[in-house]
Amino acid sequence: MHLRGQWQTNEQLADIGRVIVESASLEQLVEQMIVDFVGEKPEICEILIGTQMLGTKIDLLSRIAPLKLRSEKDKRDLSGLIDRIRELNNLRTIAVHGIWTPRGRGRLSMILSLPPPLQPSDAATKRKPKNILKAERLSSLGTDIQKARQDLWTFWLHRRLSPAQIRAKRRKAAAEGA
């Protein structure tokens, strides 16, 4: 018996959708960074990482990028960002693939009770039931993933382009927006 969706509020379902969209955007950036750091054609990198899960791509980035970064500060900054992204990815996995149950109720009581609860549900994983994503945390998870992606993008942009190129791109964007 599959109960996905029965125990979540509409707000939670919308929050899960946002988590999925923001995670896909983060994954695309991680892939772009891997291609950039490896220095190969995107088609070659696609063969190597195309079917990998986001966690594997994050691990790959964490191993490749320090080989290409020059300063210890950049390596530390990226390591902190990647740690944050790993944690968010773990929460994303629980949100998307976890089992959602009413608060304080076990699986048996959940299956036996017919009406959905009025309170929000929490999610847990099958493998590690103690890994719980609280409903309150779900509401900010999509925003946190978006912020981590923006921070990673900013990190990459400032190491990929010279300051003069960044200023030229900003001027061009401002001129097109005017």
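**Surface, core and salt bridges**

Modeller: Leu 48 is exposed, with a relative accessible area of 59%. Keep in mind that this is a predicted model.

Biologist: Where does Leu 48 sit?

Modeller: Leu 48 belongs to helix H2, residues 42–49.

Biologist: Which residues make up the nonpolar surface patch of about 330 Å²?

Modeller: Ile 44, Ile 47 and Leu 48 make that patch.

Biologist: Back up a bit. How many helices and strands are in the protein chain?

Modeller: Seven helices and three strands. From the N terminus, the order is α-α-α-α-β-α-β-β-α-α.

Biologist: What share of the 178 residues is buried?

Modeller: Buried residues come to 35% of the 178. The chain exposes about 11,300 Å², and carbon and sulfur atoms supply 56% of that area.

Biologist: And contacts along the chain?

Modeller: Take contacts between residues at least 6 apart in sequence: 71% of them join residues at least 24 apart.

Biologist: Now the core. Which residues have the most contacts inside the largest nonpolar core?

Modeller: Phe 37, Leu 61, Leu 133, Leu 141 and Leu 152. That core has 34 residues. Two or more residues each come from helix H1 (10–38), helix H3 (54–68), helix H4 (72–97) and helix H6 (135–160). H4 gives the most, with nine residues.

Biologist: What is Leu 141 in contact with, leaving aside neighbours within four places in sequence?

Modeller: Val 19, Leu 88, Leu 91, Arg 92, Ala 95 and Leu 133.

Biologist: Let's look at H3. Which of its residues are buried?

Modeller: Leu 54, Lys 57, Ile 58, Leu 61, Ile 64 and Ala 65. Their cover includes H1, H2 and H4. H3 has 15 residues and reaches 21 Å from first C-alpha to last, close to the 21 Å expected at 1.5 Å a residue.

Biologist: What does Lys 57 form a salt bridge with?

Modeller: Glu 27, with the closest N and O atoms 2.7 Å apart. This pair links distant parts of the chain: Lys 57 in helix H3 and Glu 27 in helix H1, 30 residues apart. Glu 27 is partly exposed, at 21% relative accessible area. Glu 31 is also in the picture: Glu 27, Glu 31 and Lys 57 are linked in a network of salt bridges.

Biologist: How many salt bridges does the count come to?

Modeller: Eleven salt bridges. One of them joins Asp 151 and Arg 84, with the closest N and O atoms 2.7 Å apart. Asp 151 is in helix H6 and Arg 84 in helix H4, 67 residues apart.

Biologist: Are Asp 151, Arg 84 and Lys 147 buried or partly exposed?

Modeller: Asp 151 is partly exposed at 21%. Arg 84 is partly exposed at 32%. Lys 147 is partly exposed at 47%.

Conventions. Residues numbered from 1 in each chain as written. Predicted model: local features only at pLDDT ≥ 70, side-chain atom pairs only at ≥ 80, totals over all residues. Heavy atoms only, no water. Core = buried A, V, L, I, M, F, W, Y, C linked by side-chain atoms within 4.5 Å. Buried < 20%, exposed > 50% of the residue type's maximum accessible area, 1.4 Å probe, protein only. Helix = DSSP H or I, 4+ residues; strand = E, 2+ residues; numbered from the N terminus. Contact = heavy atoms within 4.5 Å. Patch = residues over 30% accessible without salt bridge, like charges linked within 9 Å, V, L, I, M, F, W, Y side chains within 5 Å. Areas by Shrake-Rupley, 256 points an atom, 1.4 Å probe, with all protein chains shown as cover. Salt bridge = Lys/Arg side-chain N within 4 Å of Asp/Glu carboxyl O. Expected span 1.5 Å × (residues − 1).
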